[in-house]
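Reader: Could you walk me through this one, feature by feature? I'd like the general idea each time, then the case at hand.

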Amino acid sequence: MNLTLWIGLVAATLTTSSFFPQAWKTWRSQRADDFSWSYLLLFGVGILMWDLYGLLRRDTAITLANTMTLALVGVIILTKFRSER
């Protein structure tokens, strides 16, 4: 692997893992009141677009990071949806 890929993987790991504690807290508390729907939808669509970009460019770091982040956002969206019903 080249240096560029390693830098991308480290950056992806750091940014994606920074979102994990919030998703974990939301999952454990089963509350997502602090998140607005507009934030979750805009952020989720943005992450989806980055994921598609990574796939089209065949960029492993971008694809892995955004797939993981999209899953974490999905947990928060699902929790928020359930808590508001």
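Reader: Let's start with Arg58: how accessible is that residue?

Author: Arg58 is exposed, at a relative accessible area of 78%. The labels work like this: buried is under 20% relative accessible area, exposed is over 50%, and partly exposed is in between, with a 1.4 Å probe and protein chains only. Before going further, keep in mind that this is a predicted model, where local features need pLDDT of at least 70, side-chain atom pairs count only at pLDDT 80 or more, and totals for chains, interfaces and linings use all residues. Residues are numbered from 1 along each chain as its sequence is written, and side-chain values use heavy atoms, with hydrogens and water left out.

Reader: Where does Arg58 sit, and what is its phi?

Author: Arg58 is in the loop between α2 and α3 (60-83). Helices here are DSSP runs of H or I with at least four residues, numbered from the N terminus. Its phi is positive, about 55 degrees, although Arg58 is not a glycine. Gln30 also has a positive phi of about 55 degrees without being a glycine. That residue is found in the loop between α1 and α2, and it counts as partly exposed at 33% relative accessibility.

Reader: What confidence does the model carry?

Author: Look at pLDDT, the predictor's confidence in each residue, from 0 to 100. The protein averages 92, and 99% of the residues score at least 70. Confidence is lowest in α1, at a mean of 91, and highest in helix α2 (residues 37-57), at 96.

Reader: How many salt bridges are there in the whole structure?

Author: The test is a side-chain nitrogen of Lys or Arg within 4 Å of a carboxyl oxygen of Asp or Glu. A search of the whole structure turns up 2. One joins the side chains of Arg31 and Asp33, at 1.9 Å from N to O. Arg31 is exposed at 52%, while Asp33 is partly exposed at 44%. In the other, Lys80 pairs with Glu84, with the closest N and O atoms 2.9 Å apart. Lys80 is buried, at a relative accessible area of 4%, whereas Glu84 is partly exposed at 45%.

Reader: And Thr26, buried or exposed?

Author: Buried, at 3% relative accessibility. Thr26 is in helix α1, and its side chain reaches the backbone oxygen of Gln22 at 2.8 Å. For contacts, the criterion is heavy atoms within 4.5 Å. Leaving aside neighbours within four places in sequence, Thr26 is in contact with Arg31, Ala32, Phe35, Ile76 and Thr79. Arg31 is the residue that meets Asp33 in a salt bridge.

Reader: Which residues make the nonpolar surface patch?

Author: Patches take residues with over 30% relative accessible area and no salt bridge; like charges are joined within 9 Å, and nonpolar side chains (Val, Leu, Ile, Met, Phe, Trp, Tyr) within 5 Å. Here Leu3, Trp6, Ile7, Val10 and Leu14 make a patch of about 550 Å². Areas come from the Shrake-Rupley method with a 1.4 Å probe, and for residues only the protein chains shown count as cover. Ile7 lies in helix α1 (residues 3-29) and is exposed at 53%.

Reader: Last one: what separates the C-alpha atoms of Gly46 and Leu70?

Author: They are 9.4 Å apart, with the two residues 24 apart along the chain. Gly46 lies in helix α2 and is partly exposed, with a relative accessible area of 27%.

Notes: Helices (H or I, at least four residues) and strands (E, at least two) are DSSP runs, numbered from the N terminus. A polar contact is a pair of N or O atoms within 3.5 Å; within protein, one must be able to donate a hydrogen and the other to accept it, and residues adjacent in sequence count only if both atoms are side-chain atoms.
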